[in-house]
Amino acid sequence: MAGSVNKVIIIGHLGNDPEVKALEGGVNLARISVATTESYTDKNTGDRISNTEWHRVVMWRGLATVAEKYLKKGSQVYIEGKLRTRSWEDENKQTRYSTEIVADNMTMLGSKNDKPGESQNSALSLIHISEPTRRRGIS
């Protein structure tokens, strides 16, 4: 039995266009912000309450290329990945931390004719992209 699992699955909408960088060696890196919203009815007031969480998502190589080409602010996506926390030192010598999702798989949700942010549940089309798993220690 595995000692632990680091798996994240979210479905949400992009809050901005992907930020894409080409790194040394021609490796692409894309960063996106994805909003997920949960809604419920308050039992005391009957009001509908919505809570939105923002998630930082990092995509590498092929996923980054697809994100740059096809994703726009408002696009709906299904993301699978793992949580990673990175740290750095700011200009005041304070250690800062950021937790983000490193995407392994992405599925673009919505109709082919949808404009970003206007996903329709009818005529849903799915485009699924996976990042190949790298084998370590194998020649």
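**View 1. Arg31, Arg86 and Glu100 are linked in a network of salt bridges.** A salt bridge here is a side-chain nitrogen of Lys or Arg within 4 Å of a carboxyl oxygen of Asp or Glu. The model is predicted: local features need pLDDT of at least 70, side-chain atom pairs count only at pLDDT 80 or more, and totals for chains, interfaces and linings use all residues. Residues are numbered from 1 along each chain as its sequence is written, and side-chain values use heavy atoms, with hydrogens and water left out.

**View 2. Glutamate 100 and arginine 31 meet through their side chains in a salt bridge.** The N to O distance is 3.3 Å. Because glutamate 100 lies in strand 6 (residues 95–110) and arginine 31 in strand 3 (residues 28–41), the pair ties together parts that are 69 residues apart in sequence. Strands (E, at least two residues) are DSSP runs, numbered from the N terminus. Glutamate 100 is buried, at 8% relative accessibility, whereas arginine 31 is partly exposed, at 28%. Buried means under 20% relative accessible area, exposed over 50%, and partly exposed in between (1.4 Å probe, protein chains only).

**View 3. Glutamate 80 forms a salt bridge with lysine 7.** The closest N and O atoms of this pair are 2.9 Å apart. Glutamate 80 lies in strand 5 (residues 76–89) and lysine 7 in the segment before strand 1 (8–14), so the pair ties together parts that are 73 residues apart in sequence. Glutamate 80 is buried, at 14% relative accessibility, and lysine 7 is partly exposed, with a relative accessible area of 47%.

**View 4. Arginine 96 forms a salt bridge with aspartate 90.** Their closest N and O atoms are 2.9 Å apart. Arginine 96 is partly exposed, with a relative accessible area of 42%, while aspartate 90 counts as buried at 13% relative accessibility. The structure holds six salt bridges. Side chains of opposite charge can pair when their charged atoms come close.

**View 5. The side chains of threonine 36 and histidine 55 are joined by a polar contact of 2.8 Å.** A polar contact is a pair of N or O atoms within 3.5 Å; within protein, one must be able to donate a hydrogen and the other to accept it, and residues adjacent in sequence count only if both atoms are side-chain atoms. Threonine 36 lies in strand 3 and is buried, with a relative accessible area of 16%. Leaving aside neighbours within four places in sequence, threonine 36 is in contact (heavy atoms within 4.5 Å) with residues including Ile10, Ile11, Gly12 and His55.

Notes. Helices (H or I, at least four residues) and strands (E, at least two) are DSSP runs, numbered from the N terminus.
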